[in-house]
Amino acid sequence: MNVRGRRGPGKPEADQVVAGENNSYTLGPMQAGPACCAPQPLIRVRNFSLFYGGRTALDNISLDIYRGCITALIGPSGCGKTSFLSSINRLTDLIPGCSITGRMHIDDSDIHGPATDLQALRRQIGMVFQKPSPFPFSIYRNIELPLHEHGIKRREDKDAIIQRVLQDVGLWNEVQDRLHSSALSLSGGQQQRLCIARALALDPQILLMDEPCSALDPIASGVVEDLISRLRGRYTIIIVTHNLAQARRVANYAAFFWVKDHAGRLVEFGHCRQVFESPAHELTAAYVNGARG
Amino acid sequence: MIWLRHSISSPSASADTLMLWLLRAAAGVAASLVLLILFFLVAESWPLLMRDLPITHFVTDSSWHPDEGAYNLAPMLSGTLYAAGGALLLAMPLGIASALFITYYAPPRGADAYRRLVELLAGIPSVVYGFWGLTTLVPLINQLQPPGSSLLAGILVLTLMVLPTITLTAHAALVAVPGDYLRGAFALGMSRWAMVRGVALPAARMGIVAGAILAAGRAVGETMAVLMVTGNVVQHAGGLFDPERTLAANIALEMPYAVSDHRAALFVSGLTLMLLVMLLWSAAARMGRG
């Protein structure tokens with residue numbers, strides 16, 4: 001077992017933060033799963049390039065995403081982090097003129113292969129966006145809708161899952177009395193946790209997070225960050241963040257992207273501590289020390 | 001010091017003040033026109049409204065025979081509601097389906113061309129619809145079941161006329177649904193149709209309903225096209241193939257020769273129509289807010 005990976009570099013107490021003194025929320029019991037982050041690739045990306053029309057957005061990316069770990073994608077705006085994230089669950093398909101070359105595999109299945117069932121793929125890969133965007137329905141309906149679409153129709157099943165995921169994101173105690181009131185009446189941080197719960201309800205293997213804290217105030221941001229740390233091990237998480245301190249606190253691995261010749265490239269990938277403390281590339285060093293970007 | 005104070009607070013007739021009063025006047029004219037029309041309708045129908053009480057005799061009289069003092073508006077009220085209701089029943093699913101097609105399914109170029117076509121449909125003068133109905137639709141229906149001029153003809157012509165309104169308002173409501181909802185739905189592995197049914201339509205519901213109510217207002221008030229195809233017999237239509245007459249057509253048909261009480265009775269028709277439309281519009285306004 002890789003101890004460094006398990007604890008999260010730079011913040012060994014990450015797993016205990018949640019139980020702080022004046023927390024107004026509690027997390028549900030951790031489910032059994034892989035003990036924690038294991039150095040065993042779940043997603044393998046090889047020579048992956050992405051184009052918007054004729055423009056190259058990502059150029060020749062190769063890296064492994066490890067099972068149960070949190071991988072942070074860092075780098076300046078416009079370097080293709082979000083494009084990379086969206087091509088993992090193929091949301092890039094929605095963008096007209098978008099094309100790819102190279103390979104991206106989850107275990108043995110080719111994400112961009114012609115035989116891929118998009119709905120099954122996206123059920124396996126949850127996604128959380130920068131702006132909390134629950135549907136304009138009730139809290140209950142927000143989670144029920146995707147469950148229903150994926151064939152979970154018995155009321156007891158749905159109720160059980162909804163309670164479990166709301167407990168997982170620490171929202172249950174706050175909303176159990178008003179499950180049927182509008183999700184838009186929640187605060188920004190609560191809305192974001194609802195979106196995470198909604199993604200978790202489908203029992204995904206992988207969670208993609210696109211700057212999940214950047215639209216939140218510092219306290220709500222801290223709550224969501226603690227939550228992300230708690231999800232380590234149960235889910236393989238890839239998080240895009242501009243907050244380097246946050247990347248350092250939560251991530252096991254970090255991938256540093258940079259724009260060269262108008263295309264996003266992967267400059268360095270490694271253990272989070274290594275990338276931040278002894279970067280191999282001078283651009284990485286300049287960026288993590290705040291000299292560039 | 002005094003000069004300075006004067007220069008920043010000068011309340012004298014500046015361009016802004018002038019503009020403000022001009023705009024106030026324009027708004028005042030527009031608002032008073034509506035009130036004046038309403039007042040005019042009430043004033044003209046007042047003698048007849050007040051002479052035979054209670055007012056309910058307008059729906060309980062034996063028939064519509066103005067020369068004999070019988071003013072039963074009920075058949076025409078039902079005629080108006082049947083024609084408009086039938087048209088909405090047909091145009092709603094068609095219009096919403098068209099809007100969904102333009103917004104989510106059609107290739108961008110095709111969607112644009114189709115939308116322009118629908119806008120063109122909205123711009124065709126109503127008399128042209130009536131003309132087409134009279135020369136094409138009525139003979140066709142006549143082959144099915146004479147006489148051809150019928151409630152069905154009215155419903156079909158009105159359907160064509162309100163279809164663009166429903167399509168364009170529903171399209172506007174769907175376009176206004178935030179892209180975040182749609183991406184969120186796709187990211188949850190929902191199919192396009194599940195996204196449309198589960199997220200887009202419910203989120204756009206208010207706008208779509210408001211559009212349908214506006215369309216209902218148009219259908220209730222439409223005169224010329226309906227007059228040309230419905231046969232204009234004053235009766236409760238027993239079926240789709242029966243002729244009937246709407247309130248609006250009644251006014252247009254009889255106004256040229258109506259005098260005294262008969263004339264006042266037509267103003268009562270107009271007042272009824274106006275109240276019906278006002279009711280619909282206020283419902284639409286409430287929807288828009290909700």
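Guide: A residue counts as buried if 20 or more other C-beta atoms, placed from the backbone, lie within 10 Å of its own, as exposed if 12 or fewer do, and as partly exposed in between. The structure is a predicted model, in which local features need pLDDT of at least 70 and side-chain atom pairs count only at pLDDT 80 or more, while totals for chains, interfaces and linings use all residues. Residues are numbered from 1 along each chain as its sequence is written, and chains are lettered from A and ligands numbered from 1 in the order in which they are written.

Visitor: Why does Glu211(A) count as buried?

Guide: Glu211(A) has 21 C-beta neighbours inside 10 Å. The definition asks for 20 or more, so Glu211(A) is buried. The residue is placed in the loop between S7 and helix H8 (218-231) of chain A, and its phi is near 45 degrees, a positive value in a residue other than glycine.

Visitor: Is Asn232(B) buried or partly exposed, and how do you know?

Guide: Asn232(B) has 19 C-beta neighbours inside 10 Å, so it counts as partly exposed. Its place is the loop between helix H11 (224-229) and helix H12 (247-254) of chain B. Asn232(B) is not a glycine, yet its phi is positive, at about 60 degrees.

Visitor: What makes helix H2 of chain A mostly covered?

Guide: Helices are DSSP runs of H or I with at least four residues, strands are runs of E with at least two, and both are numbered from the N terminus. H2(A) comprises residues 81-88, and eight of its eight residues are buried. Among them are Lys81(A), Phe84(A) and Ile88(A). Just after H2(A), Arg90(A) has a positive phi of about 60 degrees.

Visitor: Which way does S6(A) run relative to S7(A), parallel or antiparallel?

Guide: S6(A) and strand S7 (residues 206-210) of chain A run parallel and are joined by four bridges. The bridge partner of Ile125(A) is Ile206(A). In a regular strand the side chains alternate between the two faces of the sheet. In S6(A), residues 125-128, Ile125(A) and Met127(A) point one way, Gly126(A) and Val128(A) point the other way, and all are buried.

Visitor: Why is chain B described as more spread out than a compact globule?

Guide: The radius of gyration is taken over C-alpha atoms, and the globule rule is 2.2 Å times the number of residues to the power 0.38. For 290 residues the rule gives 19 Å, whereas chain B has 25 Å, so chain B is more spread out than a compact globule. Its C-alpha trace spans about 80 × 65 × 35 Å along the principal axes. Chain B has 13 helices and two strands, and 37% of its residues are buried.

Visitor: What makes the crossing of H4(B) and H7(B) right-handed?

Guide: A crossing is right-handed if the near helix is turned clockwise from the far one by less than a right angle, and left-handed if anticlockwise. Axes are lines fitted to C-alpha atoms, for helices over the stretch in contact, and angles run from 0 to 180 degrees between N-to-C directions. The axes of H4(B), residues 74-105, and H7(B), residues 151-175, come within 6 Å and cross at roughly 35 degrees; the crossing is right-handed.

Visitor: Why is Tyr82(B) called buried?

Guide: Tyr82(B), in helix H4 of chain B, has 20 other C-beta atoms within 10 Å, so it counts as buried. Its C-alpha atom is separated by 9.4 Å from that of Gly154(B), which is 72 residues apart along the chain.

Notes: Pairing = 2+ DSSP bridges.
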